[in-house]
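Visitor: Hi, could you walk me through this structure?
Guide: Happy to, let's have a look together.

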Amino acid sequence: MRYLDSAKNARREETKMSEPITISSLKVFIKKPKIHVVSFGCQMSFADSSEMAQSFLDKGFSSGESLETADAVVISTCTVRQHAEDRAISFIGRLRKWKKQKPHRLLVVAGCAAERLGPKLKERFPHVDLVIGAKSIESFSKIIEDVLSEKFDLASESATDFPQTPISTQGAAACDFVTIMRGCNYSCSYCIVPSVRGREKYRPVQIIIEEVISKIEAGVKEITLLGQTVNSYQSEYQGKTVKFPELLRILDETKGLKRLRFMSPHPYYVTKEMISVFRDCPTVCNYLHLPLQSGSNRILKMMRRNYTRELFMEKILMLKSELPNLVLSTDIIVGFPTETETDFDETLSLIKDFQPAWIYSFKYSPRPGTLSSTENPDDVPSAVKEERLARLNNLAREIGRKALQGKVGQTVEVLEENENFGRTRDGFKVKWKGGDKSVGEVHSVKIVDASDFLLIGEK
Ligand code: 5AD
Ligand code: SF4
């Protein structure tokens, strides 16, 4: 069941978080309790959930593979689109039984939806022990301390206060994320992020370096730097201001790092200096995700994106001429309020010029409190949104297929993420037959075929 019946209700019911909300609960002492973390949403939400898991591990928990064995569950929520929030809400509802089975269990709801819904979440779901909004993630470790010591018998180490302490990765995967900044200083009219995550906050360079090193030492080969507008990063380091391109140059020196990626950059900060980093730094992968959102100048203005289609295309042409091997992808929202067929055609025509290898496409979803939701009715009918989404996806598939077909016959470098599966440096997914299974290794794979969104290879 949906927690909020409609966007209108959601607006009325919205309550902003200030302090984390707790309830006192049973005191049951368990040795080596298990933590299980579930993430609903984007890479930022996933990275946040890893951090939260680490706080529990630092305090003496072990990691639980399943809900059934877990003594504590953290749900990392997202509210960027209604759909993501609905999924998290319905999952929280399903955990009623889980909590009832063993009432000592601890249920923590964190992240962007927790920030937006605040105390309403506790009222609606009394089985939730703790609600911690996205703005409090940096004090997560301190916040859970009291609740944990009340409930569990922990061989506790001193509490860590992210982001000042690097996070060590246990049982590391080949690829991992490092959050370098949180929040956003933009105010795109459809976007809820600035209100739930606040303004930009940058992690110190030294901490980022240490976290990257600790992940590499634990076996990670590829790091993706995360931030809402990741390339607006800047921080003081050794007496000077380090901006994003310089941060990439610094991290590129990390011993053992094979690949460096980042998500998501803002077009405004795509500069000549950033481009030169792709050329100079061997670890920086030749792939760039650059969100466009719409190809109509009228809609871009209503979205408050601070660029026109001409300016966006100027950046794309600069990227393509300076970096011929760069692969690009983008985000598009269809059905923004007042979007006409002409506006949508402009999006399609820009996509044809732009030729992104793939597109993350979204139907506009009015988010409570955002400018577009308060100023404009969500007036593009759902069926029209669906139809536009399908046309956009067909075009994306066509362009993607061409890019994939272009790889057939080539031998590409793939980092094995799962058995016989990985990605090329320019971001294409590859599945292959043959060769030893060795997750974390870089392989040369001959591409023999391509299906939608996937290259097929042989070793
Ligand atoms: N409706 C639909 N899509 C949205 N996005 C952000 N807010 C909304 C919204 N209200 C999309 C944008 C953004 C991506 C992360 O999510 O395309 O780049
Ligand atoms: Fe949202 Fe715009 Fe900030 Fe991206 S740049 S997080 S879309 S406000």
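This is a predicted model: local features need pLDDT of at least 70, side-chain atom pairs count only at pLDDT 80 or more; totals for chains, interfaces and linings use all residues.

Guide: By class, the shell around ligand 2 has seven nonpolar, two polar and one charged residues.

Visitor: Which residues are around ligand 2?

Guide: Among them are Cys 184, Cys 188 and Cys 191, along with Tyr 186, Tyr 190 and Arg 305.

Visitor: And what classes make up the shell around ligand 1?

Guide: That shell has five nonpolar, two polar and four charged residues. Its members include Arg 81, Tyr 190, Asp 331, Lys 363 and Arg 367.

Visitor: Which strands supply residues of that shell?

Guide: Strand S15 (327–334) and strand S16 (358–363) each give at least two residues to the shell around ligand 1.

Visitor: What lies 2.6 Å from an oxygen atom of ligand 1?

Guide: A polar side-chain atom of Gln 293 does. An N or O atom in the side chain of Arg 81 is also 2.6 Å from an oxygen atom of ligand 1. Tyr 190 uses a polar backbone atom, 3.0 Å from a nitrogen atom of the ligand. On its own, ligand 1 has 400 Å² of accessible area, and the protein covers 86% of that.

Visitor: Switching topic, where is the kink in H3?

Guide: The kink is centred on Leu 95 and is about 30°. Leu 95 is one of the buried residues of H3, as are Phe 91 and Trp 98.

Technical notes: Residues are numbered from 1 along each chain as its sequence is written. Chains are lettered from A and ligands numbered from 1 in the order in which they are written. Side-chain values use heavy atoms; hydrogens and water are left out. A residue is near a molecule or strand if one of its heavy atoms lies within 4 Å of it. A polar contact is a pair of N or O atoms within 3.5 Å; within protein, one must be able to donate a hydrogen and the other to accept it, and residues adjacent in sequence count only if both atoms are side-chain atoms. Accessible areas come from the Shrake-Rupley method with a 1.4 Å probe; for residues, only the protein chains shown count as cover. Helices (H or I, at least four residues) and strands (E, at least two) are DSSP runs, numbered from the N terminus. Ala, Val, Leu, Ile, Met, Phe, Trp, Tyr, Cys and Pro count as nonpolar, Asp, Glu, Lys and Arg as charged, and the others, Gly among them, as polar. The bend at a residue is the angle between axes fitted to the seven residues ending there and the seven starting there. Buried means under 20% relative accessible area, exposed over 50%, partly exposed in between (1.4 Å probe, protein chains only).
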